[in-house]
Amino acid sequence: MMMNEAARHDADQEALILDMLDRFLAVEVQPHVHDLEYHDKYPEAIVEKMKEMGLFGCMISQEYGGLGLSARTYAKIIERISVVWMSISGIINSHLIMAMAIQRFGTDKQKADYLPRLASGELRGGVGLTEPDCGTDLQAIRTVAVRDGDEYVVNGSKMWITNSLYGNCLALLVKTDPQAQPRHKGISLFIAEKGEGYTVSKKLDKLGYRGIDTCALSFENYRVPAACLIGGVEGNGLQQILSGLELGRINVAARGLGLSQAALNEAVSYSQIRKTFGKPICEHQAIQLKLAEMATRTQSARLLVDAAAHAFDQGQRCDMEAGMAKLTATEAGFENAHEAMRIFGGYGYSREYNVERLYRDAPLLVIGEGTNELQKIIIARQLIERNRI
Ligand SMILES: Cc1cc2nc3c(=O)[nH]c(=O)nc-3n(C[C@H](O)[C@H](O)[C@H](O)COP(=O)(O)OP(=O)(O)OC[C@H]3O[C@@H](n4cnc5c(N)ncnc54)[C@H](O)[C@@H]3O)c2cc1C
């Protein structure tokens, strides 16, 4: 089939970016992962390089200084990063969810004021949704914003907020009308820059996903300008952030895919080196069955991630596609990490090998960006919605 000129240009641009990314990962990331991860150190030098490469603006439109890449290319970037170190992909994920909320729903002034600085990485964003008492049921949030002249006064707390220590702003989900029914009509989304009353209370110590900052936050009479209410109208916050989470779920799915591929790579390689009973373990059928299942899971995940990213690029509602990709790819990452651990035997349990890190990183993916139980509910609801009789 002949490629048209625009498609060829996109393919060439994608190949260039992925090539540059591979070199960056091999030279600037891979050699440092063990040290940064083990000591839970923030990868500052890597972040600076990511800014130079334009990764903070990779999905932001060129009009605002971003690279304007498609979600399909973005998913490939995240997959490759996650083969090497999944934590790095989290640095741009919630940053871009925030940027997409502004790009899709912001006023012209909000877009002009924030998108160029988010694209360059001068502003580093995140999303503040989860609270100590609620994550899945976002409509139960209790952080409130009360209008006071040209400002809103925010009080409440947030939990598990990634990029909140080293970043400088958040897309902050609050209740502007706590009594509203249905509850979502009282929810709004703000661009919240750090300032008085906005406190990072604690950096959380995590099982995996180390190196990157995830924190508890508190807001005490924190004042945010009314001009920072995304879209300028109260009550649209839940819909705005849920739309952004479609991209977030494609990101997490691509991370699951990368992790699944990393575990497979480790297993394929180690099983040819390790010998038992006079032959490499890859020649034992029990190991071959594992490798075959791991490879098939990885490839199935890859196809679903690409399908979800394609639907996103078409501007379609794609919560079902993103949910399927997230569910399949993150379960693939989880299962492959466990299988790689078994194939490595005792060495899998050593902190000297990557498999141990993959095993600790994988569970986050089945929880974050909406648990996989929630993904099943979303898929089922859309299935009925799209097939009403
Ligand atoms: C490392 C890390 C980073 C994170 N980063 C961010 C971030 O940057 N920003 C942010 O806002 N949040 C972030 N989160 C929070 C994350 O999104 C939530 O943990 C997640 O959405 C689940 O919410 P919860 O922990 O409150 O679990 P809960 O909502 O309390 O759920 C507990 C269990 O109940 C199940 N459950 C809940 N409701 C239903 C239902 N209706 N039917 C069936 N089962 C159900 C869930 O699937 C889960 O198994 C992060 C979390 C972690 C661990």
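Pro 182 is found in the loop that runs between β4 (169–175) and β5 (187–193). The peptide bond that joins Gln 181 to Pro 182 is cis, with omega at about -10 degrees. The model described here is predicted. Its chain is divided into domain 1 (5–120), domain 2 (127–237) and domain 3 (239–386).

**Domains 1 and 3**

- The C-alpha centres of domain 1 and domain 3 are 21 Å apart.
- In the contact between these two domains, 21 residues of domain 1 meet 25 residues of domain 3.
- On the side of domain 1 that touches domain 3, two or more residues come from each of α2 (33–38), α4 (71–84) and α5 (86–105).
- That side of domain 1 is made up of 12 nonpolar, 4 polar and 5 charged residues.

**The ligand and its surroundings**

- The ligand is surrounded by 23 residues, and the closest are Leu 129, Gly 135, Thr 136, Thr 162 and Thr 371.
- By type, the shell around the ligand holds 10 nonpolar, 11 polar and 2 charged residues.
- At least two residues of this shell are supplied by each of β1 (127–128), β3 (151–162), α10 (354–367) and α11 (372–386).
- The ligand lies between domain 2 and domain 3, because both of these domains give residues to the shell around it.

**Helix α10 and the residue after it**

- The buried residues of α10 are Val 355, Arg 357, Leu 358, Tyr 359, Asp 361, Ala 362, Leu 364 and Leu 365.
- These buried residues pack against four helices, namely α2, α5, α7 (237–273) and α9 (319–343).
- Just after α10, Glu 369 adopts a positive phi of about 60 degrees.

**The largest nonpolar core**

- The largest nonpolar core contains 114 residues, of which Phe 190, Ile 250, Val 305 and Ala 308 touch the most other members.
- Helix α7 provides the largest share of this core, with 15 residues.
- When residues up to four places away in sequence are not counted, Ala 308 touches Ile 250, Ala 253, Cys 318, Glu 321, Ala 322, Met 324 and Ala 325.

**The crossing of α4 and α8**

- The axes of α4 and α8 (residues 285–313) come within 8 Å of each other and cross at roughly 145 degrees.
- From α4, Ala 71, Arg 72 and Ala 75 take part in this contact, and they meet Val 305, Asp 306, Ala 309, His 310, Phe 312 and Asp 313 of α8.
- The residues of the contact between α4 and α8 comprise 5 nonpolar, 1 polar and 3 charged.

**The loop between α3 and α4**

- Gln 62 lies in the loop between α3 (44–52) and α4, and the loop between these helices also holds Gly 65.
- Gln 62 is exposed, because 11 other C-beta atoms lie within 10 Å.
- Gln 62 and Lys 51 are 11 residues apart along the chain, and their C-alpha atoms are separated by 15 Å.
- Gly 65 counts as partly exposed, because it has 16 C-beta neighbours inside 10 Å.
- Apart from its neighbours within four places in sequence, Gly 65 is in contact with Gly 57, Ile 60, Pro 116, Ala 119 and Ser 120.
- The C-alpha atoms of Gly 65 and Val 84 are separated by 28 Å, and the two residues are 19 places apart along the chain.

**Positive phi at two loop residues**

- Asn 163, although not a glycine, has a positive phi of about 70 degrees.
- Asn 163 is located in the loop between β3 and β4.
- Asn 163 is buried, because 25 other C-beta atoms lie within 10 Å.
- Phe 277 is not a glycine either, and its phi is positive at about 50 degrees.
- The loop between β8 (275–276) and β9 (279–280) contains Phe 277.
- Phe 277 is exposed, because 7 other C-beta atoms lie within 10 Å.

Methods: Residues numbered from 1 in each chain as written. Predicted model: local features only at pLDDT ≥ 70, side-chain atom pairs only at ≥ 80, totals over all residues. Near = placed C-beta within 6 Å. Nonpolar A, V, L, I, M, F, W, Y, C, P; charged D, E, K, R; others polar. Domains from an automatic or database assignment. Contact = placed C-beta atoms within 7 Å. Buried ≥ 20, exposed ≤ 12 C-beta atoms within 10 Å, placed from the backbone. Core = buried A, V, L, I, M, F, W, Y, C linked by C-beta atoms within 7 Å. Axes fitted to C-alpha atoms, helices over the stretch in contact; angles between N-to-C directions.
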